[in-house]
Amino acid sequence: MTAVPKPPPTGSSEAAARDDVVRRLPQPQRTDLAAGGRELRLDLFRGLALWLIFIDHLPPNLFTWATIRNYGFSDATEIFIFISGYTAAFVYGRAMSSGGFVVASARILKRVWQIYVAHVFLFTIFLAEISYVANRFENPLYAEEMGILDFLKQPDVTIVQALLLKFRPVNMDVLPLYIVLMLFLPLIIWLMQRKPDLTLGLSVLLYVITWEFEINLPAYPNGVWYFNPFAWQLLFVFGAWCALGGAKRMAALLSSRILLVICIAYLVAAFFVTLTWHVPQLGHFVPRLIEQWMYPINKTDLDVLRFAHFLAIAALAVRFLPSDWPGLRSPWLRPMILCGQHSLEIFCLGVFLAFAGHFVLAEYGGGAGIHFVISLAGIVIMSAAAAVFSWYKRVAAKGGKDTKSADADADLAGGGS
Amino acid sequence: MRAIVGLVALVMLGTLSGAMIRAAAEEPAPGTCQVPDSLLTSEFPLKKVAQAVKTERRLDVVVIGSRSATVMLPDGTSFPARMEAALRSKLPGVAVTVSLQLQIKKTAEEVVQDLDHLLEGKTPQLVIWQTGTVDALRAVDPDDFQVSVDEGVAALQKRGVDVVLINLQYGPRMETMISTGPYLDVMRMVAQHREIPLFDRFAIMHRWNDDGSFDLFSPSRGVELARRVHDCLGRALSRFIIEAAQIKPDELGTQR
């Protein structure tokens, strides 16, 4: 879904066009673009991914039908991880070129710390929610399911396991993955700036080894990480590769007609397979052999079908949504773009709002109407928060102009968040 | 080129809305615990059940279940008991026995290890295995869960009995706490692979919650809701078994 954007402007006419864009943009974009070419398409799609992740975290409702996982193999997580890899490599790659490996690494680690703290914060909220439920909810129909609360009886183990990122309640899997990926970012960028194709090749190799030998990180109390970092790194590294020149080199490929036809054919096929999940009667149209080969479509290890599905969407997005598309500056897409620009904050807010939404549904019953209102309210709150963050950033940047601004820009532009 | 993309999008949209309209047409009247036929049919027949009912006029069922197969009340309220009662009234002249083997707090793997012991001295034609909840609670690796369920079903089939799987309960309050998806997927896959019917308890309860038959959000401590849900589940399950065995109750009743 993600745009594979063009590298920072180099050619004079392109640069001029961009300057024009910059002038017309509101303040925060202006500084970023001036600092190195902010790709609004990335922000747009990351904002979209954040909204979709929020909706997917709520119980299924009308909005759920609008999320892309119902129309194909991949979902918002792929978009989020790819764009994170892209922006992180772009921002910290520049930092590494100008400030050196050590300084850039230090900044990346600072970012990792922020994400870790955010994760622990969300865990605390989760604990609060389920402790409350544990005390209020004793429907005998669910006596067995309430066993999930047993871990409250041994907080010593549970909390330590959570701090070690091994115990991750439902819906809290993305940030740990992100933390691990960011930890390796200095190494990835360092190698990528020297041997980009080798780096991507190593990433593919790791992916293949992961599938062959079923490597993963252990989880608590059982099993493995829901998002296997050894497999999902492929998307992240691929994003980094695109950011550091790969996208430019692929430009010819991306505009070929054959690729277009393949992408569309694959997306249509994936759509029909997905349709059989919702309308089981259609299942007979899928040949048994294909079924046996295709299933299971593994999310934990980033099934290659999912990866290909994401690539197809991304290729179409790049083709049909040029970076100078006027819609990117329309006020209607502003909320989504703003959310994409503050992705760590908005992601955390989204997880919190999903918890809160569940809570409201639990306390006041779960009619379709309330469902709808909660989804909508969540998106409005996320957008409003993003607007406030942007405003604050702008004010803060005005206050302490020179020394702080470079650093602040980097955090805003990506921090990969 | 754009025209082609537009056309494709239009076709997609058309198919989808068609599917949604069909789904909407199936919607039962609110307030009743009806189950649409699509959730009560299986492409895999219960041959042993059909044979026993038609020729021997008997049906012996063993239900292997966890805590959610019971309401922990005096007998006759849990869904296995309600299913037994429903089967008896729908299959007049057939001797129906149902025995419940409760395996509380045991994962699929632990149940499979105990399978011989559980069926000792019993010669059922049908084993109904309700599982997945404990594995989901303990976050057992879905791959391991798949191996266990597959092994268990294979072992049962080897004994020459029909097998029906029952998946997890739907509980709207549990959705933030328990990740049910992978376990539901595994059970669907094993059922497909081993060619046995799967009673989709999750989808059925989900539907009841959506159409207003039951308020599964209710925090009430009373047993009334549980009792009614189990009654409905038991009746739906009996219908499911009769359909899957392709028995026509009308043709049976005459020889009483």
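Predicted model: local features only at pLDDT ≥ 70, side-chain atom pairs only at ≥ 80, totals over all residues.

Over which residues of chain A does pLDDT stay under 50, and how many contacts beyond four places in sequence does the model have for them?

A: The part you ask about is residues 1–36 of chain A, where pLDDT stays under 50. For this stretch the model has 66 contacts beyond four places in sequence. Helix H2 of chain A covers residues 27–36, and its mean pLDDT of 36 is the lowest among the elements of that chain. At the other end of the scale is helix H8 of chain A (residues 185–194), which has the highest mean, 96. A further stretch with pLDDT below 50 is residues 403–417 of chain A, and there the model has 32 contacts beyond near neighbours in sequence.

Now for the setting of these stretches. Chain A as a whole averages a pLDDT of 82, and 84% of its residues score at least 70. The chain is built with 18 helices and zero strands. Of its 417 residues, 44% are buried. Among the contacts in chain A with a separation of 6 or more, 80% join residues 24 or more positions apart.

Chain A also has a partner: the contact between the chains takes 40 residues from chain A and 40 residues from chain B. On the chain B side, H1(B) gives the most, with five residues. By class, that side of chain B has 21 nonpolar, eleven polar and eight charged residues.

Key: Residues numbered from 1 in each chain as written. Chains lettered and ligands numbered in written order. Contact = placed C-beta atoms within 7 Å. Helix = DSSP H or I, 4+ residues; strand = E, 2+ residues; numbered from the N terminus. Nonpolar A, V, L, I, M, F, W, Y, C, P; charged D, E, K, R; others polar. pLDDT = per-residue confidence, 0-100. Buried ≥ 20, exposed ≤ 12 C-beta atoms within 10 Å, placed from the backbone.
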